[in-house]
Amino acid sequence: MASLQVSGVTVAFGGNRALDGVGLTAESGHVTGLIGPNGAGKSTLFDVVSGLRRPSSGRVFLDGRDVTRSRPAGRSRHGLARTFQRLELFGRLSVRDNLLVAAELGPDRRRAAALVDALLTRLGLTAIADSSPDSLPTGVGRLVEVGRALAMRPKVLLLDEPAAGQDGEETERFAALLRALADEGTAVVLVEHDMGLVMSVCDQVYVLDLGKVIAVGPPDLVRHDETVLAAYLGD
Ligand code: ADP
Ligand code: MG
């Protein structure tokens with residue numbers, strides 16, 4: 001059974017269909033890429049999956065359970081966590097406390113402090129654990145957001161441009177982290193503009209353009225698809 005399944009999702013903003021009958025499946029143990037030009041609908045799809053936006057039609061299933069009508073908190077309890085394209089960290093809390101707040105909402109709340117320490121180590125954030133996220137470079141702030149999502153022990157992890165602002169070495173380490181998370185059984189969905197990262201870590205890639213899925217497949221097939229190339233070149 002797929003960890004996340006989305007079918008027939010449509011969202012309109014006025015006359016503009018941001019999503020038009022979108023379907024997507026993400027499996028445990030896989031990194032599923034979601035790419036497409038700016039405005040394609042990627043972040044809106046994450047909003048629908050996480051329950052922040054109600055679609056006019058379509059369904060969302062987590063582990064086979066229909067959560068289309070569930071609130072965001074209910075979806076978190078069923079194993080969903082996400083990061084935001086625009087960082088949404090608590091600037092008045094330290095990096096550690098940002099993770100701790102999330103861990104205390106997750107299934108491992110009894111050992112939240114130990115879980116957070118392990119995550120800080122894993123993400124290489126221990127040295128800045130007492131800093132405010134506001135003082136950090138964007139690339140590091142994104143890693144903190146990933147840490148906060150991981151503190152909830154998600155089965156399905158949605159990442160919205162997590163590597164933006166990272167340098168080459170940071171991106172390489174991040175790629176290894178995504179593979180490791182998948183190997184531990186997480187279903188990772190990655191929205192990312194860095195094609196090198198997408199091609200190196202994804203098992204399957206969905207391409208969105210103008211609210212529609214225009215291609216699905218393994219990364220090396222998708223990158224040579226003519227419809228996909230045309231969408232990126234803007235014809
Ligand atoms: P992406 O993340 O792929 O860049 P978005 O999901 O942010 O795309 O946006 C998809 C489309 O929906 C765009 O045309 C965007 O302008 C529009 N859109 C997104 N959010 C809103 C909103 N809150 N109100 C009106 N239009 C929106
Ligand atoms: Mg976006």
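These are my notebook entries on a predicted model of a chain with a ligand.

I worked on a predicted model, in which local features need pLDDT of at least 70, side-chain atom pairs count only at pLDDT 80 or more, and totals for chains, interfaces and linings use all residues. Residues are numbered from 1 along each chain as its sequence is written, while chains are lettered from A and ligands numbered from 1 in the order in which they are written.

**Confidence.** I looked up the mean pLDDT of the chain, which is 94, with 98% of its residues at 70 or more; pLDDT is the predictor's confidence in each residue, from 0 to 100. For the complex the predictor gives an ipTM of 0.98 and a pTM of 0.95.

**Ligand 1.** I listed the residues around ligand 1 (C-beta atom, placed from the backbone, within 6 Å of the molecule). They are Phe13, Asn16, Ala18, Gly36, Asn38, Gly39, Ala40, Gly41, Lys42, Ser43 and Thr44. Strand S2 (16-26) and helix H1 (42-50) are the elements that give two or more residues to this shell. Helices (H or I, at least four residues) and strands (E, at least two) are DSSP runs, numbered from the N terminus. H1 supplies the largest share, 3 residues. I sorted the shell by class and got 3 nonpolar, 7 polar and 1 charged residues. Here Ala, Val, Leu, Ile, Met, Phe, Trp, Tyr, Cys and Pro count as nonpolar, Asp, Glu, Lys and Arg as charged, and the others, Gly among them, as polar.

**Helix H5.** I checked the span of H5 (residues 138-150): its 13 residues reach 18 Å from first C-alpha to last, close to the 18 Å expected at 1.5 Å a residue. The expected span is 1.5 Å times one less than the number of residues. I then took burial (buried at 20 or more other C-beta atoms within 10 Å of a residue's own, exposed at 12 or fewer, partly exposed in between, with C-beta atoms placed from the backbone). The buried residues of H5 are Arg142, Leu143, Val144, Glu145, Val146, Gly147, Arg148, Ala149 and Leu150. They pack against strand S6 (80-82), helix H3 (95-103), helix H4 (112-123) and strand S7 (156-160), where contact means C-beta atoms, placed from the backbone, within 7 Å.

**Helix H3.** I found Val95, Arg96, Asn98, Leu99, Ala102 and Ala103 buried in H3. Seen down the axis of H3, these residues fall within an arc of 165 degrees, so they line one face of the helix; the arc is that of the directions from the helix axis to the C-beta atoms. H4 and H5 are among what covers them. Val101 also sits in H3, but counts as partly exposed with 15 C-beta neighbours inside 10 Å.

**Gln166.** I placed Gln166 in the loop between S7 and helix H6 (168-183). Gln166 is buried, with 20 other C-beta atoms within 10 Å. Leaving aside neighbours within four places in sequence, Gln166 is in contact with Gly139, Thr171 and Phe174. From Gln166 to Thr138 I noted 28 residues in sequence and 7.7 Å in space, C-alpha to C-alpha.

**Positive phi.** Most residues other than glycine have a negative phi. I noted Arg153, with a positive phi of about 55 degrees, in the loop between H5 and S7. Arg153 is partly exposed, with 17 other C-beta atoms within 10 Å. Glu161 has a positive phi near 55 degrees and lies in the loop between S7 and H6.

Methods: Two residues are in contact if their C-beta atoms, placed from the backbone, lie within 7 Å.
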